[in-house]
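This report describes one protein chain from its coordinates. Sequence and structure are shown below.

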Amino acid sequence: INSAMVSVKTFPECSPYLVKIERSLREEMKWKQNPALHTAKEPFATFVHTDFWANNMMFKLENESENEQELPNFGIPSDMKIVDFQVTLYSSPVRDLIFFIYSSAADGVIENHYDELINIYHDEFIDCLNDVGCDTDPFSFNNFQTELEEFAPLEFPHILYMHKFISAAKGKVPDLTNLALIPI
């Protein structure tokens with residue numbers, strides 16, 4: 001908590017929120033010590049990755065060009081796999097959504113498109129449920145917003161702790177394989 005607060009204090013924009021941020025970090029500690037405080041609730045309860053960010057995705061890319069003499073490009077994604085399921089929990093899917101958005105979105109995306117991303121996710125979620133014949137009434141957008149309001153604050157400390165690793169220049173932080181040894 002102290003290390004995270006030292007980092008947060010380096011951002012003048014965070015000054016008005018320091019008390020709230022520290023309270024959030026302390027609440028997260030209570031939750032880690034007693035996960036029953038935020039148990040998964042139906043209808044949204046599911047298994048979540050809990051470390052769902054760009055580095056835990058692998059994409060297969062197909063070359064767009066049919067002309068082999070053109071310069072190669074990175075191609076377009078044709079398949080995607082999610083990896084690293086070592087900390088999977090039974091919780092709310094909004095945890096993965098929030099962590100993904102805040103750990104993997106390009107600069108400006110959150111500020112300019114957050115609501116749009118949330119709406120797209122919900123629409124796609126409903127489409128998937130319809131595809132498998134689920135009753136979507138319990139998953140209304142209002143219920144989804146309530147789920148976000150309850151579980152998204154749990155992801156704030158997670159995002160804050162990972163910020164050091166996500167945004168650091170190569171070689172500026174210890175190897176993540178020794179994460180358990182790093183004081184946070």
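## Loop, helix and surface

Asn-63 counts as partly exposed, at 46% relative accessibility; the term covers values between buried (under 20% relative accessible area) and exposed (over 50%), with a 1.4 Å probe and protein chains only. The model is predicted, so local features need pLDDT of at least 70 and side-chain atom pairs pLDDT 80 or more, while totals for chains, interfaces and linings use all residues. Residues are numbered from 1 along each chain as its sequence is written, and side-chain values use heavy atoms, without hydrogens and water.

Asn-63 sits in the loop between strands E2 and E3. Its C-alpha atom is 4.1 Å from that of Gly-75, 12 residues away along the chain.

Glu-124 is also partly exposed, with a relative accessible area of 46%.

| Residue | Element | Residues of element |
|---|---|---|
| Asn-63 | loop between strand E2 and strand E3 | E2 57-62, E3 76-82 |
| Glu-124 | helix H4 | 109-131 |

The chain has five helices and four strands, in the order α-α-β-β-β-β-α-α-α. Helices are DSSP runs (H or I) of at least four residues and strands (E) of at least two, numbered from the N terminus. Of the 184 residues, 29% are buried.
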